[in-house]
Amino acid sequence: MEKAITKASEIISKRTASGKYEDGANQYCVLAQEDLDGRITAAVITPAKAEGIKEITFCSGVDSNWVKRAKRDSRAAVCFDSDEYGITLRGRLEVVTDAAIKQDNWYSGLEGHFSGADDPNYCVLCFTTEVYKLFIDWEEIEGKI
């Protein structure tokens, strides 16, 4: 089980904005939340950083639907997928506006959306995993963090 978690952590790390593209992985994952009308919605988003499978951060605007949904209901799911693996994480999203955390998660792809890490409309969504389901090396593993 530890081997699969380590491999999933490496995959996620490569697919963040701060990751390396050694295996040609894209920078996207799917983030699912309960929408404002109570229905589940899912969309593609770029993860900024990751701490293994335990924590993943995303950057957004404080007035975005991502943030509105997280403030209404913090439950969320994140999915990284390819022909070779499937990583599904369920957990909670927290909206973070701390200046140091915003600076730490800033990456160049945000420049077209915000004036900088100190932009008052820029914030970080911090996803903390509670439950994971991994399909790695043709093996399925489930567990809680």
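Ile-141 is buried at a relative accessible area of 7%, where buried means under 20%, exposed over 50% and partly exposed in between (1.4 Å probe, protein chains only). This is a predicted model, so to speak of local features a pLDDT of at least 70 is needed, while side-chain atom pairs count only at pLDDT 80 or more, and totals for chains, interfaces and linings use all residues. Residues are numbered from 1 along each chain as its sequence is written, and side-chain values use heavy atoms, with hydrogens and water left out.

Ile-141 sits in strand 8 (residues 139-144); strands (E, at least two residues) and helices (H or I, at least four) are DSSP runs, numbered from the N terminus. Setting aside residues up to four places away in sequence, Ile-141 touches Met-1, Ala-4, Tyr-132, Lys-133 and Leu-134, a contact being heavy atoms within 4.5 Å. From Ile-141 to Glu-55 the sequence separation is 86 residues, and the C-alpha to C-alpha distance is 18 Å.

Now for Thr-57, which belongs to strand 4 (residues 55-61). Thr-57 counts as buried because its relative accessible area is 7%. Its side chain makes a polar contact of 2.4 Å with the side chain of Asn-105. Such a contact is a pair of N or O atoms within 3.5 Å; within protein, one must be able to donate a hydrogen and the other to accept it, and residues adjacent in sequence count only if both atoms are side-chain atoms. Asn-105 also turns up among the residues that Thr-57 touches, along with Pro-47, Ala-48, Lys-49, Val-124, Leu-125 and Cys-126, again not counting residues up to four places away in sequence.

As for strand pairing, DSSP has to find at least two bridges between two strands. Strand 5 (residues 75-81) and strand 6 (residues 85-96) pair antiparallel over seven bridges, and the two form a hairpin with three residues between them. Ala-76 has Gly-91 in strand 6 as its bridge partner.

Together with Tyr-28 and Val-44, Val-30 makes a nonpolar surface patch of about 260 Å². Patches are made of residues with over 30% relative accessible area and no salt bridge, joining like charges within 9 Å and nonpolar side chains (Val, Leu, Ile, Met, Phe, Trp, Tyr) within 5 Å. A salt bridge is a side-chain nitrogen of Lys or Arg within 4 Å of a carboxyl oxygen of Asp or Glu. Accessible areas come from the Shrake-Rupley method with a 1.4 Å probe, and for residues only the protein chains shown count as cover.
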